[in-house]
Amino acid sequence: MGFTQAFKLALKSILSSKMRSLLTMLGIIIGVGSVIILISLMNGVTNEVVSAFESMGTNVLNVSIVGRNSSRKINVNDMYELYTNNMDVFMAMSPTLNVSGTIKYGTTTYTSTSLNGVSEDYAKMNQLEMQKGRFLAYSDLNDYHKVAVVGTYFDQEVFNNNSIGKYIKINGYQYEIVGVIEEQDDSAEGSTDDCIYIPYTTAAKVSYSKVSSFTFATINPEYNEYGTYLIENSLYEVLQNENYYSVSDRATLIETATEMTSMLTMVLVGIASISLLVGGIGIMNIMLVSVTERIREIGIRKSLGAKRRDIMSQFLIEAGTTSALGGIIGIVFGIFVSEILGNIVGINASPTFPSIMISFSISVFIGILFGFLPANKAAKLNPIDALRYD
Amino acid sequence: MIPLIELKDVYKIYQMGDNTVYATKGVSLKIFKGEFVAIVGQSGSGKSTLMNIIGCLDVPTKGKYFLNGSDVSALKDDKQADIRNKKLGFIFQQYNLISKLNVLENVELSLLYGGYSSIDRVNLAKAAIARVGLSDKMKNLPSQLSGGQQQRVSIARALANNPSIILADEPTGALDSQTGIRVLNFLQKLNNEGNTIVLITHDNNIAMKAKRIIKIKDGEIIYDGVPENAFEE
């Protein structure tokens with residue numbers, strides 16, 4: 001018996017009892033649907049994370065010095081020297097100083113703000129565009145000017161879009177606001193836009209702290225590895241202990257993040273697959289019932305010359321078709337739900353083509369796998385007994 | 001001349017717990033091409049067992065069965081299925097049509113398993129349906145037909161792949177006498193056209209329609225000959 005013939009027969013049999021078929025497929029529909037939804041959402045999240053990192057620049061290397069002793073110190077000039085000696089690798093460099101301090105305007109204190117001391121090159125490296133005013137300048141650093149560049153949170157929420165020229169109080173000193181960085185997030189309190197940059201020289205001076213981290217930008221992300229090597233080399237020369245410093249580059253960070261989300265996806269999909277298993281058992285159950293109901297039909301077919309494999313393939317194709325139909329409905333349902341969820345969460349959640357193909361194949365495979373036992377039972381029936389069965 | 005069917009000392013023995021049941025006890029018979037044979041016996045006489053063996057639905061425990069000269073006594077499932085498909089046409093008491101399939105599809109079934117192309121299937125099936133006079137009911141489901149019509153469909157199905165032997169197991173058992181006679185007349189007509197027919201029945205009157213009668217009792221042949229003398233006690 002040809003495949004198309006068996007397929008038509010299977011469709012006929014599925015359509016002849018729609019309600020039962022739908023209930024049989026339900027497990028597969030839910031299983032495939034949830035796999036598609038999870039893959040789509042995790043896909044959206046991964047893309048979101050990657051593009052967030054990428055917007056910060058993939059050619060950026062962050063260097064932090066965590067330990068030091070009295071005799072061995074990294075000073076800013078050494079790092080500048082490393083940069084100027086390797087201009088074919090590095091595009092820019094900025095010492096960065098994370099300052100803890102109280103930020104006040106009028107009587108209000110701002111506690112969620114990230115306050116950083118940086119150099120004039122920091123904006124260029126991190127692709128920060130100015131909305132108004134200017135970024136820090138070389139002269140600001142050189143002369144320890146008390147100037148600040150603020151995020152849009154301050155400009156919009158605190159200064160009513162009129163912050164240039166105003167003064168903000170940091171650790172008791174008045175800083176003049178000279179520029180506003182373009183909005184990166186949503187200008188809310190605690191967001192990326194809730195930030196203040198001041199010259200690292202000024203910051204170091206007023207907080208009596210040493211610069212302990214640096215940001216390097218390579219001329220091309222391909223140089224990240226070599227750049228990391230150069231920096232680590234020169235740091236080791238001074239510190240003589242690789243636990244005292246760390247260099248991380250964003251490209252590696254993106255890789256790690258992608259790896260982590262894909263691992264999370266696998267785990268979630270694994271859990272969702274349990275419902276596929278349950279769906280398969282549902283199919284097996286109905287197929288067993290269907291074999292029992294059709295024992296006489298099997299007997300007739302056998303008496304007319306159907307071989308074991310004919311009966312076997314008839315039931316396998318029927319099980320496969322049932323689960324494939326369930327799979328298709330599940331995929332459509334999954335795409336639909338993930339679009340809606342994606343819209344609600346605000347990410348672009350759409351399944352990849354391979355994930356659709358894989359879920360479809362898995363659903364067919366499950367149908368055939370779980371259809372095997374009933375099909376085998378049918379194929380092995382003795383024609384005499386089957387013909388007499390009522 | 002090689003007989004179409006030759007049984008040599010055929011035994012079918014069942015083990016039912018401690019009891020050994022002999023369904024047939026050394027049955028030997030020959031049926032030649034073009035014959036119309038009725039196998040008659042009461043229920044439990046062993047005629048059904050005999051028909052299962054002749055129909056390649058079962059194999060003898062002991063003894064040989066030659067179909068058209070070749071030994072088919074110990075074939076595996078799928079080989080038996082092949083013989084049933086190519087050499088035998090079955091007509092059952094309960095018609096045994098598949099209720100979901102229409103008349104044409106039912107008649108096509110044995111051709112389907114015989115590996116015919118879809119064009120050949122339709123043509124052969126249509127020809128067989130025409131022979132039983134149901135060309136206008138091709139698209140009907142079995143449930144939309146009368147008992148007599150359903151039996152004619154099952155005859156068409158048996159004829160479709162032009163088998164060597166037509167095996168009819170109580171073909172009139174579920175029909176009223178009028179319709180039953182018409183079915184029997186049709187079988188006679190088929191026999192006149194050269195088909196070999198083996199009819200299994202418990203009814204002496206029906207058996208009388210055949211050209212030769214084999215009576216079975218307790219698993220043994222007690223009469224084999226012309227109908228005229230079969231039922232004189």
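The model is predicted. The largest nonpolar core has 108 residues. In chain B, 4 strands form an open antiparallel sheet.

**Arg296(A)**

- Arg296(A) sits in helix H10 of chain A.
- Arg296(A) has 17 C-beta neighbours inside 10 Å, so Arg296(A) counts as partly exposed.
- Leaving aside neighbours within four places in sequence, Arg296(A) is in contact with Ala386(A), Leu387(A) and Tyr389(A).
- Tyr80(A) is 216 residues from Arg296(A) along the chain, and 89 Å separates their C-alpha atoms.

**Nonpolar cores**

- In the largest core, of 108 residues, Ile39(B), Ala156(B) and Val198(B) have the most contacts inside it.
- Helix H2 (residues 18-55) of chain A provides the largest share of this core, 10 residues.
- Apart from this core lies another, of 49 residues, among them Leu61(A), Ala92(A), Leu141(A) and Tyr175(A).
- Beyond neighbours within four places in sequence, Ala156(B) is in contact with Val107(B), Ala128(B), Ile129(B), Arg131(B), Val132(B) and Leu134(B).

- Strand S6 (residues 88-91) of chain B is covered on both faces.
- Leu88(B) and Phe90(B) are buried on one side, and Gly89(B) and Ile91(B) are buried on the other.
- In a regular strand, side chains alternate between the two faces of the sheet.
- S6(B) pairs with strand S7 (residues 165-169) of chain B in the parallel sense, over 4 bridges.
- Phe90(B) stands opposite Leu167(B) in S7(B).

**Open sheet of chain B**

- The strand order is S2-S1-S4-S5 (chain B), with antiparallel pairing.
- Strand S2 (19-31) and strand S5 (70-71) of chain B stand at the edges.
- Each of these edge strands has a single partner strand, so one side of each is left without a neighbour in the sheet.
- Strand S1 (residues 5-16) of chain B pairs with S2(B) in the antiparallel sense over 9 bridges.
- Ile5(B) has Ile31(B) in S2(B) as its bridge partner.

Conventions:
Residues numbered from 1 in each chain as written. Chains lettered and ligands numbered in written order. Predicted model: local features only at pLDDT ≥ 70, side-chain atom pairs only at ≥ 80, totals over all residues. Helix = DSSP H or I, 4+ residues; strand = E, 2+ residues; numbered from the N terminus. Buried ≥ 20, exposed ≤ 12 C-beta atoms within 10 Å, placed from the backbone. Contact = placed C-beta atoms within 7 Å. Pairing = 2+ DSSP bridges. Core = buried A, V, L, I, M, F, W, Y, C linked by C-beta atoms within 7 Å.
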